[in-house]
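Welcome! Please take a look at the structure below, and then we can go through some questions together.

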Amino acid sequence: MKPSQPIEFTENIVPYTQAELAAKVAEKLTDSRYQHCLRVEQTSRQLAVANGVDPELAAIAGLLHDYAKQRSDATFIELIKTRGLDPALLNYGNGVWHGVVGAELIKDELHIYNEDILNAVRLHTVGAPYMPKLAQIVFMADFIEPQRDFPGVDDARAATKKSLAAGVRYQIQHTLSYLVSQGAPVYPQTLATYNAWVGGIGTITK
């Protein structure tokens with residue numbers, strides 16, 4: 001994707017300027033992880049423009065998607081236990097937690113309560129059988145941002161250019177294949193996402 005100019009926030013979706021929010025994300029991450037978040041912000045914005053979604057909303061969700069990525073396991077475990085989250089989450093790890101559970105830290109620390117943003121953060125790690133377009137955008141932007149380099153990424157980019165749904169189908173097939181090849185446990189929602197999208201049950205296009 002072509003580079004974009006830095007986005008300025010004008011819609012009062014969150015109580016920060018772009019620079020203020022970016023600085024808060026940077027405080028919680030290594031520089032390499034923060035730079036990834038900036039690329040996902042830009043890629044989300046571009047996908048939003050191409051797919052009729054508010055680009056500012058998409059940029060914010062993309063910037064925030066890995067906000068909790070580098071927190072301790074103990075932090076996530078405490079949130080699962082105290083926030084009434086599914087106790088089955090305790091059987092998994094950071095790959096699931098930083099999205100599904102990390103949204104709680106965005107609420108607590110950044111005082112961002114926009115449910116569309118929070119839902120996109122939650123779903124970017126595991127998907128869902130029914131995903132609004134904003135969640136699809138962040139799901140794919142994280143997977144295909146310009147510095148991603150793995151076998152199949154060009155196919156993923158091409159699929160996403162064709163349609164968000166094609167991109168989601170490609171990614172969830174790729175992810176499930178990888179997890180199985182590694183002998184890793186599959187979070188039930190990830191499997192449900194595969195069954196829905198690859199099986200063609202349908203998607204939300206909100």
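Q: Which residues of H10 are buried?
A: This is a predicted model, and here buried means under 20% relative accessible area. In H10, the buried residues are Leu164, Ala166, Gly167, Val168, Gln171, Ile172, Leu176 and Leu179.

Q: Which helices do the buried residues of H10 pack against?
A: Contact means heavy atoms within 4.5 Å. By that cut-off, the partners of the buried H10 residues are helix H2 (31-51), helix H8 (133-144), helix H9 (153-162) and helix H11 (188-198).

Q: How far does helix H10 reach from its first C-alpha to its last?
A: Helix H10 covers residues 164-181, which gives 18 residues. At 1.5 Å a residue, 26 Å is expected, and the helix comes close to that with a reach of 26 Å.

Q: How many residues apart in sequence are the parts tied together by the pair of Phe76 and Trp97?
A: Phe76 and Trp97 form a tilted aromatic pair, 5.9 Å centre to centre with 40° between the planes. Phe76 belongs to helix H4 (residues 73-82) and Trp97 to helix H5 (residues 94-100), so the pair links parts whose separation in sequence is 21 residues.

Q: Is Phe150 buried, partly exposed or exposed?
A: Phe150 forms a tilted aromatic pair with Phe143, 4.9 Å centre to centre and 50° between the planes. Phe143 has a relative accessible area of 11% and is buried. Phe150 has a relative accessible area of 21%, so Phe150 counts as partly exposed.

Notes. Residues numbered from 1 in each chain as written. Predicted model: local features only at pLDDT ≥ 70, side-chain atom pairs only at ≥ 80, totals over all residues. Heavy atoms only, no water. Phe/Tyr/Trp six-rings, centres within 6.5 Å; stacked < 30°, edge-to-face > 60°. Helix = DSSP H or I, 4+ residues; strand = E, 2+ residues; numbered from the N terminus. Buried < 20%, exposed > 50% of the residue type's maximum accessible area, 1.4 Å probe, protein only. Expected span 1.5 Å × (residues − 1).
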